Amino acid sequence: MTLRALKQATIAALTGAAVFVSPSFAQDLTLRSPVACDLGSDCFIQQYVDHDAGRGAKDYRCAPLSYDGHTGTDFAARTLAQMNKGVRVIASAPGTVRAIRDGMADRYYSDANAETVTGRECGNGVVLTHPGGWETQYCHLKRGSITVEQGQRVRTGQTLGLIGLSGRTQFPHVHLTVRKDGKVIDPFDPDGRITCGAPSADTLWANPPAYRPGGLLDVGFAADVPAYDAVKSGRANTQRLPSNAPALVVYGYAFGGQRGDQITLRLTGPEGEVVSQTASLSKNQAQFFRAAGKRLTSAAWPSGRYTGTVTMTRNGRTIAERSGRLIVR
C-alpha cells in the first residue's frame, strides 16, 4: 500500500464515529491484548471508543475515559522511561499486513509540531486485515521498531513493534482501532447493546480486560516538588536520597481523574509518619499528578527505608492505590 493510502486509512480511523454491528459479526473476530505487559500494573487502558454521538465524550460505561470522536482503545505505558525500555506491541489476531508506516519522531504532540503530523495522526503504525472484512490498526509505534512487512502473514501475539510517542499523542501508548467493512467497532461493545455496563458475552475479546475507572501510573520520590514533564517522563523519580536532602516529597501520577476525586499521599519512615495529605480534584483530568512533602528542619533525616503510598478515592470508594520505596542514607 502507498503512503497516501495509509494516510487515508489513518484519517478514517482517527476521525470516524463508532458504528456498531449485529451480534452475529462478533464471532468473526477474537482479540487478544495488543501489548506484552501486565494490564493494570505495568500498563493501562486509558481511553476507549467514544460512544457520545454529540460533541461530548463517554466510554461504553458512560464514564469520561474517552474524548470527542475517539475511535480506538488506548493501551498505555506508565511513563516515557518505561517506553524507552521497550514495551512490545503484538498482533491481537492472526492476519495479513496491509500497510505500515515508520520514520516519524517520538515526541509529545503540540501546536508547534501540529503541521508535521497533519494527515498522519496515527504516527508510525501497522494495519492488519482479517477474514470477514475485519481490520485492526495499531498507531503511535516507536520509530524504527516495526518488525513486519507489507503482505506478511502474522500470528496472534507476534511482535509488530514497540509502544511509542509518534503522531498525535500526549502519552506513550498504542491506539488499537477495530473496523468491520471500514466502519469503526468498539471491541467492548461490538453490537451496541451495552448501556453503561460491563462487557457482555458479545465482546470481541477472548478475555475482556478489566475496566479501570482511573488508575495510578507511578508513585515516586524527590527532594522538591518535581516538574510535570519530569513526572511524565519518569525522570523525577528517585529511590535514594541523602540524609541532608532539603525535603522529602512523595508524588502520585494518575489517569482518569474526575471532579471530586480525592488523592491521599502518605510518607512514612523509620520514626513513623512524615507527611499525610489529601487533595480533591476540581475538574476532570485525563492525566495529572499531586505531590506532598516536608522540609528538613533538623540536621538530617533518619536513615533507613521510607514508604510512599498514594490512594485515589471516588465517592468514598478506593479505585486505585500504589506504593513505592525510598532509601535515605
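To which cysteine does a disulfide join Cys122? In this predicted model, the partner of Cys122 is Cys139, with an S to S distance of 2.2 Å. The torsion about the S-S bond is -100°, and the link of Cys122 and Cys139 is left-handed.

A disulfide is a covalent bond between the sulfur atoms of two cysteines. Another disulfide is formed by Cys37 and Cys43, whose sulfur atoms are 1.9 Å apart. The torsion about the S-S bond of Cys37 and Cys43 is about 95°, and the disulfide is therefore right-handed. Cys43 has a relative accessible area of 1%, which means that Cys43 is buried.

The remaining disulfide joins Cys62 to Cys196, with 1.8 Å from S to S. Distant parts of the chain are linked by this pair: Cys62 lies in the loop between S1 and S2, and Cys196 in the loop between strand S10 (183-185) and strand S11 (215-222), 134 residues apart. The link of Cys62 and Cys196 is left-handed, with -60° about the S-S bond. Cys62 is partly exposed, at a relative accessible area of 35%, and Cys196 is partly exposed as well, at 38%. When the bonded cysteines of the protein chain are numbered in sequence order, the pairing reads 1-2, 3-6, 4-5.

The largest nonpolar core has 38 residues, of which Val126, Leu128, Tyr138, Ile163, Val174 and Val178 touch the most other members. The elements that give two or more residues to this core include strand S1 (43-47), strand S2 (73-77) and H2, together with strand S5 (124-130), strand S6 (134-141) and strand S9 (173-180). Another core, of 24 residues, lies apart from the largest one; among its members are Val250, Val274, Ala320 and Val328.

Helix H2 (residues 80-85) also takes part in the second largest pocket, where this helix gives the most to the lining, with three residues. The space in the second largest pocket is about 210 Å³. Its lining is made up of Arg78, Thr79, Ala81, Gln82, Lys85, Asp218, Gly234, Asn237 and Gln239.

Definitions and conventions:
Residues numbered from 1 in each chain as written. Predicted model: local features only at pLDDT ≥ 70, side-chain atom pairs only at ≥ 80, totals over all residues. Heavy atoms only, no water. 1 Å grid on protein atoms, 1.4 Å probe; cavity = no way out; pocket = protein on both sides within 12 Å on 5 of 7 lines; lining within 4 Å. Points joined across faces, edges and corners; volume = space filled by probe spheres on them. Helix = DSSP H or I, 4+ residues; strand = E, 2+ residues; numbered from the N terminus. Core = buried A, V, L, I, M, F, W, Y, C linked by side-chain atoms within 4.5 Å. Buried < 20%, exposed > 50% of the residue type's maximum accessible area, 1.4 Å probe, protein only. Disulfide = S-S within 2.5 Å.
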